[in-house]
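Keep the sequence and the model side by side as you read. We will go strand by strand, then look at charges.

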Amino acid sequence: MPRYEYRCRTCGDTFELSRPMAESAAPAACPTGHDDTVKLLSTVAVGGSAPSPAPRAGGGGGGCCGGGCCG
């Protein structure tokens with residue numbers, strides 16, 4: 001079951017709830033009893049095995065400046 005993160009607008013506490021995706025937008029009460037909460041946008045790290053991009057033509061060396069000004 002996915003976990004969703006919420007923040008209470010009344011006391012400022014952040015808390016998580018496990019709930020079905022179908023209920024992700026349903027109101028969530030703060031653990032201290034406040035009802036004025038907002039669901040936070042969470043970032044999800046997804047691993048994969050996609051190939052690395054090919055080096056660009058022109059011989060850029062990478063780094064902070066693309067290899068053009070760093071000797």
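A strand here is a DSSP run of E with at least two residues, numbered from the N terminus; a helix would be a run of H or I with at least four residues. The model is predicted, so local features need pLDDT of at least 70 and side-chain atom pairs count only at pLDDT 80 or more, while totals for chains, interfaces and linings use all residues. Residues are numbered from 1 along each chain as its sequence is written, and side-chain values use heavy atoms, with hydrogens and water left out.

Now step back to the whole chain. The protein chain has zero helices and three strands. From the N terminus on, its elements run β-β-β. Buried residues make up 13% of its 71 residues. Buried means under 20% relative accessible area, exposed means over 50%, and partly exposed lies in between (1.4 Å probe, protein chains only). What about contacts between parts of the chain that are at least 6 apart in sequence? Of these, 28% join residues at least 24 apart. A contact means heavy atoms within 4.5 Å.

How are the strands arranged in the sheet? The order is E2-E1-E3, the sheet is open, and the pairing is antiparallel. E2 and E3 stand at the edges. Each has a single partner strand, so one side of each is left without a neighbour in the sheet. The twist averages 35° from one strand to the next. Such angles run from 0 to 180 degrees between N-to-C directions, with axes that are lines fitted to C-alpha atoms, for helices over the stretch in contact.

Look at the two pairings in turn. Two strands pair if DSSP finds at least two bridges between them. E1 and E2 (residues 14-18) are antiparallel and share five bridges. Glu5 has Glu16 as its bridge partner in E2, and Tyr6 has Phe15 there. E1 and E3 (residues 37-39) are also antiparallel, over three bridges. In E3, the bridge partner of Tyr6 is Lys39. Tyr6 therefore has a bridge partner in E2 and another in E3.

Next, follow the turn from E1 to E2. This hairpin has five residues between its strands. Gly12 is found in that loop, and Gly12 takes a positive phi near 85°. Gly12 is partly exposed, with a relative accessible area of 42%. Its C-alpha atom is separated by 9.6 Å from that of Cys30, which is 18 residues away along the chain.

Turn to the charges. Side chains of opposite charge can pair when their charged atoms come close. How many salt bridges does the structure hold? There are two. A salt bridge is a side-chain nitrogen of Lys or Arg within 4 Å of a carboxyl oxygen of Asp or Glu.

Arg3 is exposed, with a relative accessible area of 52%. Glu16 is partly exposed at 45%.

Another salt bridge joins the side chains of Arg9 and Asp36 at 3.5 Å, N to O. Here Arg9 sits in the loop between E1 and E2, Asp36 sits in the loop between E2 and E3, and the two are 27 residues apart. Arg9 counts as exposed at 51% relative accessibility. Asp36 counts as partly exposed at 37%.

Finish with Arg19, in the loop between E2 and E3. Arg19 is buried yet has no salt bridge. The nearest side chain of opposite charge is Glu23, 4.6 Å away. For charge, Lys and Arg count as positive and Asp and Glu as negative; His and the chain ends are not counted. What does the side chain of Arg19 reach at 3.3 Å? It reaches the backbone oxygen of Glu23. The backbone oxygen of Ala26 also lies 3.0 Å from a polar atom of the Arg19 side chain. Leaving aside neighbours within four places in sequence, Arg19 is in contact with several residues, including Met1, Pro2, Tyr4 and Tyr6.

Notes. A polar contact is a pair of N or O atoms within 3.5 Å; within protein, one must be able to donate a hydrogen and the other to accept it, and residues adjacent in sequence count only if both atoms are side-chain atoms.
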